[in-house]
Amino acid sequence: MEIGVLGFQGSVAEHIAATKEAARKLGISCRVSDVRTSAGLERLDGLIIPGGESTTMYKLCEREGMLERMREVPALFGTCAGAILLAKKIHNEEEGQKTLGLMDIVVERNAYGTQTESFEENLEVQLGPPDSEPVTMSAIFIRAPKIRSAGENVTVLANRGGEIVACGQREGGRFYLAACFHPELSTTLIHEHFLRRLLSG
Amino acid sequence: MPAKSTSTLKSGLAQMLKGGVIMDVTNADQARIAEKAGAVAVMALERVPADIRAAGGVARMADPLKIKEIQGAVTIPVMAKCRIGHFVEAQVLEALGVDFIDESEVLTPADPHFHVQKKSFTVPFVCGARNLAEALRRIDEGAAMIRSKGEAGTGNIVEAVRHIRTINNEIGALAGGDPRTLAKEFRVSEGIVAQTASLGRLPVVNFAAGGIATPADAALCMQLGVDGVFVGSGIFKSAEPAKRAKGIVDAVAHFNDPKKVARASEGLGEPMRGLEMSALETKMSERGA
């Protein structure tokens with residue numbers, strides 16, 4: 001399996017390490033590399049868009065002419081800034097910030113406020129079938145976005161105070177996964193979920 | 001219950017800035033130029049270091065109105081500087097909701113002996129360092145991020161390169177040493193010496209700063225192993241700030257690809273004039289060891 005991590009900026013090394021560790025735990029062979037060019041997106045089974053600054057990452061992808069090919073990768077997983085880039089719409093965005101426009105979600109950037117409002121807490125995440133026991137993980141929210149609304153085809157994986165903080169979507173043979181927090185800083189469970197989803201096609 | 005103010009959250013924001021360029025700005029227009037160029041954060045200032053150097057006198061924290069103006073102009077993180085040891089300026093900046101505080105030698109130090117005890121703050125701090133001992137002392141005090149001091153406001157990269165190489169070499173030399181002896185020599189905890197030795201790098205994110213004026217300067221620092229760069233006077237003291245800001249962002253994003261660094265360096269107009277080290281009246285990097 002070939003996984004790429006968008007490599008310009010942010011928690012790139014952390015995602016590479018978490019993906020390798022998740023693959024090891026699942027006993028699957030997986031090559032993980034950072035991607036900074038359109039050519040690097042060829043033959044990827046999955047692309048991870050890390051945490052960082054969504055405005056910076058979008059501009060660098062656009063300047064590199066990578067956006068179209070990113071949309072064609074069979075599976076994408078975004079955390080924090082990455083989740084913003086996956087969304088179809090940004091809530092209250094005056095500057096007209098652009099995204100990949102793949103997931104049927106509306107996100108609000110910096111929805112909790114500045115860094116002094118950042119927090120971590122344990123979160124229950126539903127990674128198995130709907131009736132299975134959720135798993136508890138430490139979730140780290142740093143200048144985090146909120147998912148304001150989601151379409152019917154979006155599966156909610158975790159809520160916090162009634163707000164969606166992690167979700168997935170299957171569409172047209174592709175799979176998308178978004179988290180408002182940073183699993184790459186605390187756990188491999190969501191990376192394992194992403195790899196399992198890829199294996200099951 | 002959500003936990004705030006943890007070291008994971010503080011160093012976590014620094015991790016999200018890796019691979020990025022943080023730009024000094026002095027008003028809303030400059031902040032918007034920086035964001036549009038692709039900066040990952042801005043440093044809100046009343047004057048860039050070159051102007052602080054030229055003006056002389058005591059340099060202090062910016063007017064809160066200046067910081068609010070810049071916070072209102074952009075969606076990326078906003079940093080601001082306090083004087084070394086001036087914990088009340090730091091309290092004020094935290095109250096203003098800045099995302100990161102730079103306890104900076106660019107401003108005139110307020111305390112001849114002590115830096116701010118950074119652990120008691122919710123907001124994370126970045127501090128400058130010339131060598132490993134300074135870097136580890138700052139981390140021990142609670143800094144969530146380190147940057148080279150370089151020599152701010154000169155447009156001369158030589159001191160930043162000196163500091164980056166010194167820290168790299170001193171980390172390399174840790175392997176053979178006794179952590180207890182080194183901890184005593186550095187005036188830091190034994191734990192942080194052992195941690196740095198086993199990681200083979202600083203235990204927090206490490207940026208370059210001080211004298212970066214061109215895309216190639218920025219890529220040079222990246223190839224020397226830093227996680228990202230601060231650009232102070234280098235952008236808004238140049239002839240065409242918007243072009244130069246974008247060029248530096250592109251060069252950092254593709255720092256290992258000389259063809260792309262070449263393209264990022266094309267047609268940027270005059271860089272800032274720059275100063276030779278021997279011509280300096282004040283060495284800012286000697287402040288706050």
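Reader: In which hand do helix 10 of chain B and helix 12 of chain B cross?

Author: The model is a predicted one. In it, helix 10 of chain B spans residues 215-223 and helix 12 of chain B spans residues 241-253. Their crossing is right-handed.

Reader: Which residues of helix 10 of chain B make the contact with helix 12 of chain B?

Author: Helix 12 of chain B contributes Arg244(B), Gly247(B), Ile248(B), Ala251(B) and Val252(B). The residues of this contact divide into seven nonpolar, one polar and one charged. From helix 10 of chain B come Pro215(B), Ala218(B), Ala219(B) and Met222(B).

Reader: Are helix 10 of chain B and helix 12 of chain B roughly parallel or roughly antiparallel to each other?

Author: Two packed helices are described by the angle between their axes and the distance between the axes. Here the axes lie 8 Å apart, at an angle of about 25°. Angles under 35 degrees count as roughly parallel. Helix 10 of chain B and helix 12 of chain B are therefore roughly parallel.

Reader: How many salt bridges are counted between chain B and chain A?

Author: Chain B and chain A bury about 2900 Å² between them, 53% of it on carbon and sulfur atoms. Side chains of opposite charge can pair when their charged atoms come close. Asp99(B) and Arg143(A) meet in a salt bridge at 3.0 Å, N to O. Between chain B and chain A, the count is five salt bridges.

Reader: How many residues apart are Glu2(A) and Arg31(A)?

Author: The side chains of Glu2(A) and Arg31(A) meet in a salt bridge, 3.2 Å from N to O. Glu2(A) belongs to strand 1 of chain A and Arg31(A) to strand 2 of chain A, so that the pair links distant parts of the chain. Glu2(A) and Arg31(A) are 29 residues apart.

Key:
Residues are numbered from 1 along each chain as its sequence is written. Chains are lettered from A and ligands numbered from 1 in the order in which they are written. This is a predicted model: local features need pLDDT of at least 70, side-chain atom pairs count only at pLDDT 80 or more; totals for chains, interfaces and linings use all residues. Side-chain values use heavy atoms; hydrogens and water are left out. Axes are lines fitted to C-alpha atoms, for helices over the stretch in contact, and angles run from 0 to 180 degrees between N-to-C directions. Helices (H or I, at least four residues) and strands (E, at least two) are DSSP runs, numbered from the N terminus. Angles under 35 degrees count as roughly parallel, over 145 as roughly antiparallel, 65 to 115 as roughly perpendicular and the rest as oblique. A crossing is left-handed if the near helix is turned anticlockwise from the far one by less than a right angle, and right-handed if clockwise. Contact means heavy atoms within 4.5 Å. Ala, Val, Leu, Ile, Met, Phe, Trp, Tyr, Cys and Pro count as nonpolar, Asp, Glu, Lys and Arg as charged, and the others, Gly among them, as polar. Buried area is the accessible area (1.4 Å probe) that two parts lose on being put together, summed over both. A salt bridge is a side-chain nitrogen of Lys or Arg within 4 Å of a carboxyl oxygen of Asp or Glu.
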